[in-house]
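Please read each point with the structure open beside it.

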Amino acid sequence: MMIVMQEGATEAQIQAVVDRIAEAGARAHLSRGEFVTVIGAIGDDRELVAQLDLLGEPGVEKVVPILKPYKIVSREFRHGDRVVDVAGRRFGGGAFGLIAGPCTVEDREQTLSTARAVKAAGASLLRGGAYKPRTSPYTFQGLGKPALEILAEAREETGLPVVTEVMDLRQLEDVLEVADVIQLGARNMQNFDLLREVGRTDRPVLLKKGLANTIEEWLLSAEYVAKEGNDQIILCERGIRTFETATRSTLDISAVPVAKQLSCLPVIVDPSHAAGRRDLILPMARAAVVAGADGLIVEVHPAPEHALCDGPQQIRSDTFAAWVADVKRCVDLMGLVMTGGEPVPAAV
Ligand code: PEP
Ligand code: MN
C-alpha cells in the first residue's frame, strides 16, 4: 500500500511511518516528490492495511491500498514512467533505446565488427550472448567467460554499454564484471532464485517475457527483482508460443500497451526472436514502435549464413544502418527521442 504524506510533513513524521512499516515486517520504499513524500509499504496489502492503522497519524494525508498482486512495478505505485538509464542511454518516459548485436559472441572479429556496425548505425547498446539457452544440448552453447572478455573489449572500443544474459546463479559473478545490463531470458523468467539474486545487484535488468507466460506472471517476476531493491527493470516482449508455425513465435504486440498500462516500467520488443525470420524483423519493429514500445533489441551479424546460432533471424550488419533509418522514422513519428549512439544516417 501507499502512504501519501501531507505537504510539509516533517522528517520525524516520515521516519515514524517507516518505523511502523518495518515493525509490521514489511519494507518501506520512499519516493520524495517536490512537495509530497509517498511511502510504499511492500508486503501483502490485505494484511498490511489491517495491521498498519496509519490513517490519522501525524503527517499522514491518505493511505491507498495497491490492489494489483505486483506493487513496486505497478502503475498504481508510481504514476510517472520508471526511466531506466544505462550510462546515459534511456528507456521510457519518452526516451527510446535500441539494443543491437549478435545473438552470441562467436569470436573476437565477429563481435568487434558487429559492434562497430551497430554503433555507426546509431544503436544505444550492444547485445551479445556468452551463455546461451539452446534447445538442443548438441548445438553451440556459447563461449562463456572468454565471450565476456570480448564484450568488454567491444565496449572499450565503441563506448557502447553491454547487455548480456545470465542463465544461472553460478555465472552471475562473472557476468557482473562486464554487463551494463543483465539479461534474464525468456526461459528463466520464472527462475525465482535468479530473479531475487539479480534484484540484489545494482545493475539494470532486461527481463524477457516467457514463451508461455501471462503478462501478470511477467510483472510478478519483475516484482521479484524490484522487491530486492533493484527496480531498474526493462520489460521485453519476445514472442509467445501459439499454434502458428509460419513464424518462430507469435509477437504479442498487445503485450506492449497492456504492460505499459499496468506497469510503470519501460517495455521493449525483440522482433528477432519473435519472428525468427529476417524479412519480418523490420515490419515487426515498426509495429512495436507504433504500439508504444520504449525500445527494441535486435540481432545483427556480419555473415548470418555462417552464424553459430539464430542465423535466419540476424540482420546483416552491412544493411543495418538502412534498417535503423527506417525504424527511426517510426520513432520520430511517435515523438520519442533515441538516446545514445551516433546520429542515424538517412535511409538508403
Ligand atoms: C537471446 O536474446 O539471445 C535469447 C535467447 O532470447 P530469449 O530468451 O527471448 O529466447
Ligand atoms: Mn538469438
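1. A term is needed before anything else. A residue is called buried when its relative accessible area is under 20%, exposed when that value is over 50%, and partly exposed in between. Arg 316 has a relative accessibility of 29%, so this residue counts as partly exposed. Please keep in mind throughout that the model is predicted.

2. Arg 316 also takes part in a salt bridge. The side chain of Arg 316 meets the side chain of Asp 318, with 3.4 Å from N to O. Is Asp 318 buried or exposed? With a relative accessibility of 59%, Asp 318 counts as exposed, whereas Arg 316 is partly exposed.

3. How many salt bridges does a search of the whole structure find? The search gives 25. Another of these pairs Arg 277 with Asp 279, and the closest N and O atoms of the two are 2.8 Å apart. Arg 277 is partly exposed, at 33% relative accessibility.

4. The salt bridge between Lys 328 and Asp 332 has an N to O distance of 3.2 Å. Both residues belong to helix H11, which covers residues 320-333. Because they are four residues apart in this helix, about one helical turn separates them. Lys 328 has a relative accessible area of 23% and is partly exposed. Asp 332 is partly exposed too, with a value of 44%. Elsewhere, salt bridges with shared partners join Glu 197, Arg 200 and Glu 228 into one network.

5. Now to ligand 1. Which residues surround ligand 1? They are Arg 127, Lys 132, Pro 133, Glu 165, Gln 183, Gly 185, Ala 186, Arg 187, Lys 208, Arg 238, His 273 and Glu 299. By residue type, this shell divides into seven charged, three polar and two nonpolar residues.

6. Some contacts of ligand 1 can be described atom by atom. A side-chain N or O atom of Arg 127 is 2.8 Å from an oxygen atom of the ligand. Gln 183 places a polar side-chain atom 2.9 Å from a ligand oxygen. In Ala 186 the contact comes from the backbone: an N or O atom there lies 2.8 Å from an oxygen atom of ligand 1. Taken alone, the ligand exposes 290 Å², and the protein buries 97% of that area.

7. Arg 89 is in strand S6, which spans residues 89-91. Its relative accessible area is 12%, and that value is under the 20% limit, so Arg 89 is buried. Which backbone oxygens does the side chain of Arg 89 approach? One is the backbone oxygen of Ala 87, which lies 3.1 Å from a polar atom of the side chain. The other belongs to Ser 124, again at 3.1 Å.

8. Ala 87 deserves a check of its own. This residue sits in the loop between strand S5 (84-86) and S6. At 58% relative accessibility, Ala 87 counts as exposed. The phi angle of Ala 87 is near 45 degrees, a positive value in a residue other than glycine. Most residues other than glycine have a negative phi.

9. Asp 310 also has a positive phi, near 55 degrees, and is not a glycine. The residue is placed in the loop between strand S14 (295-301) and strand S15 (315-316). Is Asp 310 buried or exposed? Its relative accessibility is 14%, and Asp 310 therefore counts as buried.

10. Leu 143 is found in the loop between strand S8 (125-127) and helix H4 (145-158). At 32% relative accessibility, Leu 143 is partly exposed. Along the chain, Leu 143 and Val 105 are 38 residues apart, and their C-alpha atoms are separated by 7.0 Å.

11. The last point concerns a nonpolar patch on the surface. Val 290, Leu 333 and Met 334 form this patch, and together they have about 290 Å² of accessible area. Val 290 is in helix H10, which covers residues 278-290. With a relative accessible area of 43%, Val 290 is partly exposed.

Conventions:
Residues are numbered from 1 along each chain as its sequence is written. Chains are lettered from A and ligands numbered from 1 in the order in which they are written. This is a predicted model: local features need pLDDT of at least 70, side-chain atom pairs count only at pLDDT 80 or more; totals for chains, interfaces and linings use all residues. Side-chain values use heavy atoms; hydrogens and water are left out. Patches are made of residues with over 30% relative accessible area and no salt bridge: like charges are joined within 9 Å, nonpolar side chains (Val, Leu, Ile, Met, Phe, Trp, Tyr) within 5 Å. Accessible areas come from the Shrake-Rupley method with a 1.4 Å probe; for residues, only the protein chains shown count as cover. A salt bridge is a side-chain nitrogen of Lys or Arg within 4 Å of a carboxyl oxygen of Asp or Glu. Helices (H or I, at least four residues) and strands (E, at least two) are DSSP runs, numbered from the N terminus. Buried means under 20% relative accessible area, exposed over 50%, partly exposed in between (1.4 Å probe, protein chains only). A residue is near a molecule or strand if one of its heavy atoms lies within 4 Å of it. A polar contact is a pair of N or O atoms within 3.5 Å; within protein, one must be able to donate a hydrogen and the other to accept it, and residues adjacent in sequence count only if both atoms are side-chain atoms. Ala, Val, Leu, Ile, Met, Phe, Trp, Tyr, Cys and Pro count as nonpolar, Asp, Glu, Lys and Arg as charged, and the others, Gly among them, as polar.
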